[in-house]
Amino acid sequence: DSQRGRAAVLSTYRGQFEDNEITGYDLSDLDVSGGRAGRAEGSYELRRGGEDPTGGRIVLGVKRERGQAKVALIAAQPG
């Protein structure tokens, strides 16, 4: 699934957690780089109630906005 814009992304993630679909989320093997724009790339595992875990690769893009770090991109590819 793909969403564009903060409101759409937050709505999707909020719904997944509030409906107890997602019970855990782990990141591992992260390769992190910093600067004006940061990036973290690694593996993820997603646990959902009553189902086998699933996972894949994920990239997080981070930028500074008014002095605060903000996630600007989440790109996940199921494995």
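Reader: Why is Ala 75 called partly exposed?

Author: In this predicted model, Ala 75 has a relative accessible area of 34%. Buried means under 20% and exposed means over 50%, so at 34% Ala 75 falls in between and is called partly exposed.

Reader: Where does Ala 75 lie, and which residues is it in contact with, leaving aside neighbours within four places in sequence?

Author: Ala 75 belongs to strand 4. With those neighbours left aside, its contacts are Arg 57, Ile 58 and Val 59; contact here means heavy atoms within 4.5 Å.

Reader: Thanks! What makes strand 4 an edge strand?

Author: The four strands form an open sheet in the order 1-2-3-4, with antiparallel pairing. Strand 4 (68-78) pairs on one side only, and so does strand 1 (22-33); these are the edge strands. Neighbouring strands of the sheet are turned by 30° against each other on average, direction ignored.

Reader: How do you know that strand 2 and strand 3 pair?

Author: Pairing takes at least two bridges. Strand 2 (residues 37-48) and strand 3 (residues 54-65) have ten bridges, in the antiparallel sense, so they count as paired. Among the bridge partners, Ala 37 has Lys 63 in strand 3.

Reader: Why is Asp 29 called exposed?

Author: Its relative accessible area is 61%, and the cut-off for exposed is over 50%, so Asp 29 qualifies. Asp 29 sits in strand 1 and has a positive phi of about 50° although it is not a glycine.

Reader: And what makes Arg 66 exposed?

Author: Arg 66 reaches 81% relative accessible area, so it too passes the cut-off of over 50%. Arg 66 is placed in the loop between strand 3 and strand 4, and its phi is positive, near 55°.

Definitions and conventions. Residues numbered from 1 in each chain as written. Predicted model: local features only at pLDDT ≥ 70, side-chain atom pairs only at ≥ 80, totals over all residues. Heavy atoms only, no water. Helix = DSSP H or I, 4+ residues; strand = E, 2+ residues; numbered from the N terminus. Axes fitted to C-alpha atoms, helices over the stretch in contact; angles between N-to-C directions. Buried < 20%, exposed > 50% of the residue type's maximum accessible area, 1.4 Å probe, protein only.
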